[in-house]
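Thanks for coming. I will take a few minutes to walk through one model, and you can follow along on the screen.

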Amino acid sequence: MTAPAPDNGPPPRLSVRDISKSFGHVKALTNVSFDVMPGEVVGLLGDNGAGKSTLIKTLCGVHKPDTGGFVWEGEEVIFESPRHAMATGISVVYQDLAVIPILSIYRNIFLGRESEVCRKVAGISFMMKEKAKEIAADALSGLGIHVPDVESPVAVLSGGERQSISLARAVYFQHQLLILDEPTAALSLKETAKVLGYVDEARRKGASVIIITHNLSHAWQVSDRFVVLYHGGVADTVRKDEVDLDDLADLINTGRRNGERGVEEEAAA
């Protein structure tokens, strides 16, 4: 399995190759293939039941695909677990489960990575709080995020600010691929604009992003390309300059655009 590279360009950061996954008699994914380039934002679109959640769970090591596989920066890889996917460079940011509200902002930045700001004395680990707070503030400011006090609990932050903590954490720890699951759900217009701005900043820093959202206008604002799933298959993979919002809506709803055959008809042909 090899990852095809565009002419005169870098190889894909991630290649998804012919991924299929079934649960009993239910086919959740069928021969799903697409690439994600370095510094690219890909909008992963599809109606409920299209296969988005299953695909993301295979990408982050929760499910193993029945067939097909992944190529990460030119090397074939099987993600054995979420921890393995994270160690490889993939971070999933969930809308509701990304932070722990009762912990401080800086503690959330180092959630699961406390050892990086700890030192041992007589076999007992102590967090170097001042160092942790300084690094947390730098990580946030690197994405243009400014909070009054990194010691404040995350509970006092707005929804958009909470998302920013998760994004800053992923970018700081050099995760090359960020998967954002409904990052703007239930946010105000102002908070949505902030989160989409953070996505743009992550891209400028070289991170690749897959954004999953039901809001086409939000996906349109930040995405370079779109992968549209329909009944577990890829209805189309298109660049932003190849489609408009009506085309995307047609692909989501029918699996086709401009009178083309749908993904189910292609499979049957």
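In which helix is Arg 162 found? Arg 162 is found in helix 5, where helices (H or I, at least four residues) and strands (E, at least two) are DSSP runs numbered from the N terminus. Before I go on, two remarks on how to read this. This is a predicted model, in which local features need pLDDT of at least 70 and side-chain atom pairs count only at pLDDT 80 or more, while totals for chains, interfaces and linings use all residues. Residues are numbered from 1 along each chain as its sequence is written, and side-chain values use heavy atoms, with hydrogens and water left out.

Back to Arg 162. At 26% relative accessibility, Arg 162 counts as partly exposed; buried means under 20% relative accessible area, exposed means over 50%, and partly exposed is in between, with a 1.4 Å probe and protein chains only. Leaving aside neighbours within four places in sequence, Arg 162 is in contact with Val 99, Pro 101, Val 154, Ala 155 and Leu 157, contact meaning heavy atoms within 4.5 Å. Arg 162 and Ile 105 are 57 residues apart in sequence, yet their C-alpha atoms are 9.0 Å apart in space.

Now the overall division. The protein chain is divided into domain 1, which is 14–89 + 174–255, and domain 2, which is 99–157. Those bounds come from an automatic or database domain assignment. Taken over C-alpha atoms, the centres of the two domains are separated by 29 Å. The contact between domain 1 and domain 2 takes 6 residues from domain 1 and 5 residues from domain 2.

Next, the interior. A nonpolar core here is a set of buried Ala, Val, Leu, Ile, Met, Phe, Trp, Tyr and Cys residues joined through side-chain atoms within 4.5 Å. The largest one has 33 residues, and those touching the most other members are Ile 105, Ile 109, Phe 110, Leu 140, Ile 165, Leu 178 and Leu 180. Two or more residues of this core come from each of helix 3 (105–109), helix 4 (129–141), helix 5 (159–172), strand 9 (177–181), helix 6 (189–204) and strand 10 (208–212). Helix 5 gives the largest share, 5 residues. Why does this core lie between domain 1 and domain 2? Because both domains give residues to it.

Take Ile 105 as an example. Not counting residues up to four places away in sequence, Ile 105 touches Leu 140, Val 147, Asp 149, Val 150, Ser 152, Val 154, Leu 157 and Ile 165. Apart from this core lies another, of 27 residues, among them Leu 59, Phe 70, Leu 177 and Ile 210.

That leads to helix packing. Two packed helices are described by the angle between their axes and the distance between the axes. The axes are lines fitted to C-alpha atoms, for helices over the stretch in contact, and angles run from 0 to 180 degrees between N-to-C directions.

Helix 5 packs against helix 6 at an angle of about 10°, with the axes 9 Å apart. That makes the two roughly parallel; angles under 35 degrees count as roughly parallel, over 145 as roughly antiparallel, 65 to 115 as roughly perpendicular and the rest as oblique. On the helix 5 side the residues are Gly 159, Gly 160, Glu 161, Gln 163, Ser 164, Leu 167 and Val 171, and they meet Glu 191, Val 195, Tyr 198 and Ala 202 in helix 6. By class, this contact has 5 nonpolar, 4 polar and 2 charged residues. For those classes, Ala, Val, Leu, Ile, Met, Phe, Trp, Tyr, Cys and Pro count as nonpolar, Asp, Glu, Lys and Arg as charged, and the others, Gly among them, as polar.

How are helix 4 and helix 5 placed? They pack at an angle of about 100°, with their axes 9 Å apart, so helix 4 is roughly perpendicular to helix 5. Here Ile 135, Ala 139 and Leu 140 in helix 4 meet Ser 164, Ile 165, Ala 168 and Tyr 172 in helix 5. This contact has 6 nonpolar residues, 1 polar and no charged.

Last, a few local points. Helix 1, residues 52–59, is mostly covered, with 6 of its 8 residues buried. Helix 1 is followed by Gly 61, whose phi is positive, near 85°. Ala 122 has a positive phi too, near 55°, in a residue other than glycine. Ala 122 is found in the loop between strand 7 (118–121) and strand 8 (124–127), and at 76% relative accessibility it counts as exposed.
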